[in-house]
Structure formats: C-alpha cells, structure tokens
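I set out to record how the parts of this chain are arranged. My entries follow the order in which I looked things up.

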Amino acid sequence: MCRLRRIKRKSWQSSCDKDVLLNILSVLTDLLSLGTGRRIHYVISKGGSEALLQALISAARTKPPDPSILLPLLRLLARVGQQDRKFGIKVQKAEATDVILSLTKQNLGHHLNLTHCLWVLRVCASNVAAGTTLGINGAMELLFKVITPYSKQHVRTVRAAIEALAALLKSKSNSRQAVNRGYLSGLLRLYQDWHHNDVSNNYIYIRRGLLLCLKHITNIQLGRETFLGSRGMEILFTSVQDCLSCKNLDPIVTTVTQILRKCYPKEPLPLVTVRSSYSFPLPGNIKTERPCMGSEDKLLKDDNESDTEEDMEKDLNKDDVEGKEEDYDLETDVNKLRSRPGLDRPEEELGQYEAMCPELSHSFQELDSESEEDKKSEDRTENLPSTSSHFIPSGNSVKDPNHRWRTQSGTEAGSDPREKDFKASLQSSIMKEKCSRSLISEQREIVEAVQNANSYEEDSAKSHTFSPCLLPKEAAWYKKIFNPECEASVEPNSGVRSETTEIMTDLLEEHQGSIPFHSPHFYIARAKCTKSIPAYRDLAFPDFWGHQPPPYGTPMLDRQYGVQRDKVLDDVRRLIQPGDLIGRTVFDLDEPSLSSPDAPCCLTFFSKFESGNLRKAIQVREFEYDLIMNADVNTNQHHQWFYFEVRGMKLAVPYRFNIINCEKLNSQFNYGMQLVMYSVKEALQGRPHWLRAGHDISYYKNHYRCSAAAGGGSRGKCYYTLTFSIKFPHEDDVCYLAYHYPYTYSAMMSHLDVLEQSRNPRKVYWRQQTLCQTLGGNTCPLLTITAMPESKKSDDVEQFYNRPYVFLMARVHPGESNASWVMKGTLEFLVSSDPIADLLRKCFIFKIVPMLNPDGVINGNHRCSLSGDDLNRQWLTPSSQLHPTIYHTKGLLYYLRSIGRAPLVFCDYHGHSQKKNVFLYGCSIKETLWQAGCMVDTAVITEDVGYRTLPKILDKVAPAFVMNSCSFLVEKSRVSTARVVVWQEMGVLRSYTMESTYCGCSHGLYKGLQLGTQELEEMGSKFCLALLILHLKSLPCSKKVMAQAALLLDLEEEITITDRAQRRYSNSSLETEDEPPCAEEIDYNTDSCSDGEGDFSELDQEIQECLSWVEGEAEDEGETTGQTCSSKALRGLYISNQPASSTQLFL
Ligand SMILES: [Zn+2]
C-alpha cells in the first residue's frame, strides 16, 4: 500500500504518462472492489480523495477528455467520495465543482459518461455546502432536463440524475430555487407517470428517488405550501394505496408516509386553551402562572421547528449531541459532590418532628397490662390476612379480611387504647395550625364515615354523597342519577338517592368481600373525606369495587407489521376523504353542554372521579374517537396518564381511540406495552380484574402543535398520538380504560385502614400520623412500622429504640401508579405475620410516606402537584407553603440526622415509562467521575461501595429486578431529587430511586411478560426481604437474629453474595428526565432528514453492476459511438489489457 501511495503521488504529479495512470487506476479499482471499506478509508486517510480530484481536473483539461481514463476515475471518485465525510469540502477546496458540472454538461448526449458524472455529482451534493454551490451554478436545471419528460429510455441515467437531484435538494436554498422554478409540480407529475407505468415494479429506485426529492423539498415551509397547493397530498395518498399490499414497495410506502405526515397542515389542539381545566389558587401572592412557565419556555424553545440550514445540520448530528449532553450532565466537580450543604431552615424548626417519632419516647409500660387485650386481639386476628404466612398476598392465600368490618361497629377503633398515645403525642407536638385539621378530628371523621358507610343512614347534612358509577339497570335510571349535567336535579330526599343507596347495598351484599386487603365500605368512607378541585361526586367502579390480579400473566404485544403507517394513513384520510367524518364532541370537561352522551351510535365518556383526567372526546368516525387528556393542574403540559370511563359500546366492534395530546418523544406503547381495561360486567360476574388490553397500538408524532396563543406565548411544541383499538367484552357494558393500573388516594387511605385493622398489635408496632396537610387540604399520612419490643424489660426496649431506620416513600409523581402497587406490596408484607416480616420488623424501624403527592393523584395529574411543580425537583429548597409534603419529609429526615439516626436505607418508589424491568438509581462519586472520564485519585476519594449491595441482593431475590439496568451516577439535572439530596445532605449512602416499568420485563422469570399488580406487589415484598438480607450482611446482628434468619431463609446463597468488584457501568441507563429516550429504533419522528438514503450501498452496487449493463445501455442508446466508447472505457478495468511489462514494473 505504501509503495502504491508513493507511486501514485509521483505519477500524478507528472500526469503525462497515460499508461501509468491507467495502470494505477486499474490497480486501485481492483484493490478497492475487494474486501471491506477499510481499504477505502485507508486510501482516504492518505489523501486519496484529493489525489483523485487532481487527476480528474487534469483529465478534464485534455480536449476532448479521454473516456478510458475519465470513466474509471469517476467510478473511483464516486466510491471513495461517498466514504469520505469531508469530500464536499475537498471538492470545493480543489475547485472541482465547476469541473464536474461542465463534464456533466459536455456529456449530456452521452448516457454512459453522463451517468458516471452524475454519480460523482450526487456524492458531491451530499455535502450541503457543495450542493448549494452546484445548485447556484445550474446543476438542477441540468438534472431536470435529464429526467423530464417521462421516458423509459436510459433509465439508469435517469435514476442517477434523480438521485443526484435528491441529494442537491437537501440544501434548503436549492429547494427554494426548485420550488420557485416550478419543479415541485413537475416532480409530482413525473412521479405519477412512473407510478402508473411501472406496473411490474421494475423501477422502484426511480420512484423512491422522486419521492426523496419531494421529501427534501418539503423540508422548507414554501415547499410544504406548494406541495399542498399542487394537490400533493391527494396524489401521494391515492398512489400509495396500490403499494400497501406489496412488501417490496415498503421503501416507497415509508417515504410517502413521511412526506404526508410532514405536510399535513399543522393545527392547534381542538381546545380553547391547553391550560388545565382545573386551576388552583396558590397560597400567598404567588401567581398560578409562575411555577410552570420557566421550564416550559425552555422546553418549547428546544423543540421549535425552523427552517434554517444550521438546524438541518444540527438534526443530522443530533445523536452525537445527545450523547455528549448526557455526559455533560454528570456532576464532575468533586467539591460539589463531596460537599454537605447546611440546613435549609432554622434549626429550631426541627424540634417539631420529634412528635413524628413517637416510637423513640414510647415507654411500653402498657405491655403487660395489655395482655388481656392482646389475647382478644389475637383471637380476632385469626381470620385476618396478617396471620397467613405468605410472601405475596394473593386471593388464594388470604382469608376474607372484610368479614369483620361488615359487622364491626366503627366505634371500636375509637376505643382503641392506643389512640391515647396518639392524642398525647399530638398534643405535645408543635405542629401548630399548619395542619388545619388535627389528627384527632380526622380520626373521628373517618370513624363517622365508616359508620355511615356501614349503615347507609340517610344523612342529608353530609356535604356530599358518593355514588359509584354503576352499571345502569335501566337507561332512564342512569340518566337521572349519573348524567353529570342533571346533577342539579338530584335533590336530597327526592327518593332518587335512596334508590342509589339500595343499589349500593345490593352491590355490596353481592361483593362478599372477595378482594383481599380491600373494603368497599372503607373506600367510600375515605372517598368522602377526599378533597378534589372539581369536588367529585362519583366513584370509579374499579376503585370502589376493588381489583384482583388475574390468574395469568400477559405477554407483551407483538408489534404488527405496518401498524403505524396504517394508522397514519388513516389519519391522512381525514383530510383527503372527509366523507365519513363525524367530528362531534361527545364529552367536554370545559363545556358540559357540548357533550351529547345520548346521541345514538356513540360512546358515552366520563372521567369526573378520582385520578380521572379525560378532558374532551370527539367522535371522528363511527367507531373512532379522538381523546384529549387534561393538563396537570395549573400547567399546560405533562399529558401522559389517562383514566376514564366509557359506556354504551357495541359488541365485537373494534373501536379505535386516539389520545392526541401526548408529549413524550417515545413510549413503551411502541414496544409491547398495552393499556389496562376494567369491565364492570366482568367484575359483577366475579372477575374484578384490570387487564392489559388494546391492539393495533402505536405511538407517533401527529400534526397538532401548541399554538402561540394557547401555549401562553410559546410555539411549535409537538404532540404525539397514542392510538389503540379495543373490542369490548360485553354489549352495553361500563368499562374503564387507563394508562396503568389505577391506584387512588382514597384507595391508599382505605388500604391503610385495612392494614391497621388486620395487623397483630401485639407484634406489630404501627402508627399512622399526619405528616402535613397538602395544598388541596388532604392529609399526607406518615407511617411508622416496626416490631413491638419483646417485653417492657429495659434490654428489649433498648433494642427497640436502637433499631436502624429505613425510610421509604412513593408516588411523588402521580401518574406513576405502579409505584403505589409496589408500595402496597411492601406495606402488606411489613404488617404480615410472615416470620420473615417478623424478623425484619425486629431489625428496623420503618418510616414510610406512601403517597407524597396526594393532590396530584386525586386530580388526575401526571407529574406535578397543585402548584404545578414537579415535587421531585424541589428537594434542595422545598417551600413550606408550596411543597409541604417535601418540606416536612425533608424536615423529618433532618431531624433523624440531627439525633444521629439518619436512615440506613432511603428509597423513593417511581415508575419508568421508557424502560423495562425494575431497577435502582443510586449515587456514587467515583462512578460519576469515571463515567465522565475524569481522573479519579483513589487515594483522595474514598467511597464505601455498600450502595451496591442492596441492588445486588435484589437482583438475586426479586424476579422483576435487573442489576444491569441500575445506575449510580449523579447528574446535575438531578441535584434536586430526593435521591441525590438525601444522599448528599443527610449523608445516606444507600439512597435510591426505585424505578418500576409500566411495561414488562426483558430479563429473568417474567421475561416477555407485561407486569401485573401481583408482580408489582411482589417487588414491594421482595424489597423487604432484600432489606433483611442487607441487614444480616452489613450490620452486626445478635446471634438470636442470625439463628432465626438461618432458619427462615435459605441464606447459603444470599448471605455469601460477596462484593465482587464487578464493575459494570451501565452508562446506557443514564436517566434523562427519569425516563431516557428509548434505544430501540422505531419510526416515530418524521422530521429528521437522515433516513437511509445517505447510505450509498445502492450506488456501490450500481457501480459494481456497471460492467454487466454497459452492453444493454448501449442498446438502449442505439448509438454506435457510445458503444465504442464504452468498450474502450471498459478496458481500463482490466489489468490484463495493459502491457504486461508496465504492470510488472509497478507491482
Ligand atoms: Zn417518577
């Protein structure tokens, strides 16, 4: 190779010796046609492109140019140039654009030569700057002349010209020129001609080439307008219908779909404002606008559509940029990583949290005197769930826990001796009026509510009575009661309500407490105390009735071939064939009068219940509906979660639903995830299940944009459509559809009631306190769970006080209901009578905030609280007014730290919408610095690797958990999350975010399955098991504990999990917004202009095929001179045609 280079340089400097040149060209051709691209890259790295360009310029100077040199040279240039990223610049530097252009012009009448010139032209034009120069100098006119009018003569030349034109049109100035000269409609006509005449699909490349021209031209606004004006949508939409059935034509269908999507006229969402239907006045003088605007502006600016060339370039390099940004986000300032910021509040304030640790001042003097009481409670717990020994509560293993509540009087809870302690500790607390409603009065309210729920007393003084959305026994009955418009007409004591009550009583009779850890009575009682902005009057049936995990797992949905393009084309059809469009609003939260729920042949929608958030439903066609979700309260964004009721369906008809205002760039809905559905008829027949449902699911960018007016001054934000089809299981059923298994605030509160009732108070220490009131006036519960001391002997009480803390919380993001199901599993396990749970309680004191954002959950938000803030970005400096739950959770953690009791483990449960499996995010200085490529001085930075132990244990014990998905990096954008703040400010080594997928697992036991509530709950209980193993591994344990553990656990394996220095850095799992973009490739974005045509493998093939078709081409041309030239030109390809001596001389 080296020798060759020397020879090359030498000979081309004195490029007079034609034989020498021919020899070199043929040797190069041979070398480069063999093997891989590595040889070409070697040639490029040694200045091959420049040398070939010089040779071309010299060759072009000879008049007339010698085709025997020119043609092999052009072929080499095309092949080398396409691999050379800087070829365009080199061409311009060598001032070769004019040479190539004039060569092309000279050969217009000679198709073989012309084709060669066009190849090189195309390669040059793939660089936008070089393409622009070529365009200014008349390249497009030239090419247009070659390709029009339609003719099947010289098809190879036509193809080369079209592909060169497509490359030129990547330059926006060329596109503008092309539109101004009327080429766009010319290209459309030409495309139609080729489409109609290519019946046997022999010219797919030409057709696709023309489409690529159109695709590039329509990257500019002027192009899109002209395309629409030239009936481009109709022409392409109509033509593509003939192509759908033939898989060979996929490249054509794909490109047509891309053009149609891009040119579909942009529209604002069919809403008066995208701002949430619900607004909430914030305390103080804080404007409700404030919290969301900052981040929103930034978001929108990044996402603007624009027309400039730089953006185009930026687009092409997007992948690189994103990769860099991720690393850039890592915190690399060692001082910042190691710093421990001071308190964010006056130290005196911490005193108030002493009251939240009643366990530390409890004397347990009552232990012995309570023995009688205990015996009783032991009796009564016989039938309760906590007595059954099992890991994962399931229908089979749990005896009916509701049995007792039916007959029990509500006052029993009130006479519980434990409540005295409650009162005492509360009185001594300095929680002041921050909590407007004291625990005591709340306790009473619940007792009352439970009483009411149990006895169904008519009490018109009650603020509101709840009705579950029931199955209408008669349509008229339903109308009277549940039509929200008629609400005003429902008067107390009118007789209507007693009818409702009757039905409820019947229903509850029927229910028979079939669902473990759920009581409809408790649910109603709790729901009555739940405060929502819209003042809900209805209960969603599934929340009230309860859910049982189905007995089988659901595999992930296979993505059907072409589902996205079919849906997209169906959307485009609205524009082109509007004949079957209905376009009627059938549900509107903002304008209830517009809703026409009783229109014939139309579904009835409803979502004014806890966690419901449907804002608008539009019947598009007979069986197709566009749905719009409500934005988070006080914001105009964060659409992802959905939960609504639908009724009045026909049997065996697939209904198509499109949720048209999604915002995430990508979704697991493209990778096997289904939504969930609950059928009331099924539930009443004994199958109360949320099931994965929906087929033909796809998630893609649509034509809706956030208009300047609606977006509050921002523009250009894109929306995405989640589309799915559903065949409902019953005629005229009432069904509920949701993003994920719903779990409301009332569900959580009533679950806590059930747990408290079901535990064994002799063994389980349980305190439920109010952490604080939320902005919306709901209580945020704080739980303390541990084991009662063995006795009141000082040793036992001492052991009790000294147990390390574990701090758990969930649901800071209201749309992440999976986090609540995991928490449900954790709680049920913690209070259970499972011997492992028993041991675990003896090892730790658990502090748990099971729902950090009750208001968000209640009002159907996805991400934020009522202040419009993402609460998991407020941990650095939470506001006591705006973010009370965060402020006080942090306060409690400060307090624990101040008394030397910072938790051993802190974990915040979340849901992850873009990844599979369950995994942890933790914090490590060293891993962060390593990942960022910083030099780490291990002598200076010492770090306990104990943060890896828990995830490693989980990897072994929890089937849904995957260690490889975990990450321990500290990102700048995450400095205000709970995980990072608790790690940094509280000094908690094991501070984690636990992310549970909405979708399913790609590893382990559940591989290929979507997760159900049972698997999520199991995750919660396995987390507890892992904590016990962590304790045994990392903390000094009494012999007694170890002996018990050895009995219970098959610890051989678990306990010997050693800290093998197994450093697998999962840099792929960097969290960018908790949910990084999905790595899986899918066409969900039409805006990028890189789509495979930059790949020249086709051109390579064409050049390789050159030999075989030269003869045919000559026939086509019917020019004898051409034939002669061709044969001559071919000679250059064969060394054997050259004098042997000269060959030997060089090699
Ligand atoms: Zn989250």
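**Entry 1**

I took strands (E, at least two residues) and helices (H or I, at least four) as DSSP runs numbered from the N terminus, and counted two strands as paired if DSSP finds at least two bridges between them.

The model is predicted: local features need pLDDT of at least 70, side-chain atom pairs count only at pLDDT 80 or more, and totals for chains, interfaces and linings use all residues. Residues are numbered from 1 along each chain as its sequence is written, and side-chain values use heavy atoms, with hydrogens and water left out.

Strand 13 (residues 695-706) runs antiparallel to strand 14 (residues 717-727), and 7 bridges join them. In this pair I noted R705 opposite C718 of strand 14.

Axes here are lines fitted to C-alpha atoms, for helices over the stretch in contact, and angles run from 0 to 180 degrees between N-to-C directions.

**Entry 1: a helix pair**

How do helix 10 (residues 139-147) and helix 13 (residues 183-197) pack? I recorded an angle of about 25° and axes 12 Å apart. That makes helix 10 roughly parallel to helix 13 (angles under 35 degrees). The contact (heavy atoms within 4.5 Å) involves M140, E141, F144 and I147 of helix 10, and Y183, G186, L187 and L190 of helix 13. I sorted these residues into 6 nonpolar, 1 polar and 1 charged; Ala, Val, Leu, Ile, Met, Phe, Trp, Tyr, Cys and Pro count as nonpolar, Asp, Glu, Lys and Arg as charged, and the others, Gly among them, as polar.

Is E359 buried or exposed? E359 counts as buried because its relative accessibility is 0% (buried is under 20% relative accessible area, exposed over 50%, with a 1.4 Å probe and protein chains only). I located E359 in the loop between helix 21 (334-338) and helix 22 (366-369). Leaving aside residues up to four places away in sequence, E359 touches Y765, T784, F800, Y801, Y805, I845 and K847.

S965 sits in the loop between helix 41 (949-957) and helix 42 (978-985). At 13% relative accessibility, S965 also counts as buried. Its C-alpha atom is 5.8 Å from that of F919, 46 residues apart along the chain.

Definitions and conventions:
Angles under 35 degrees count as roughly parallel, over 145 as roughly antiparallel, 65 to 115 as roughly perpendicular and the rest as oblique.
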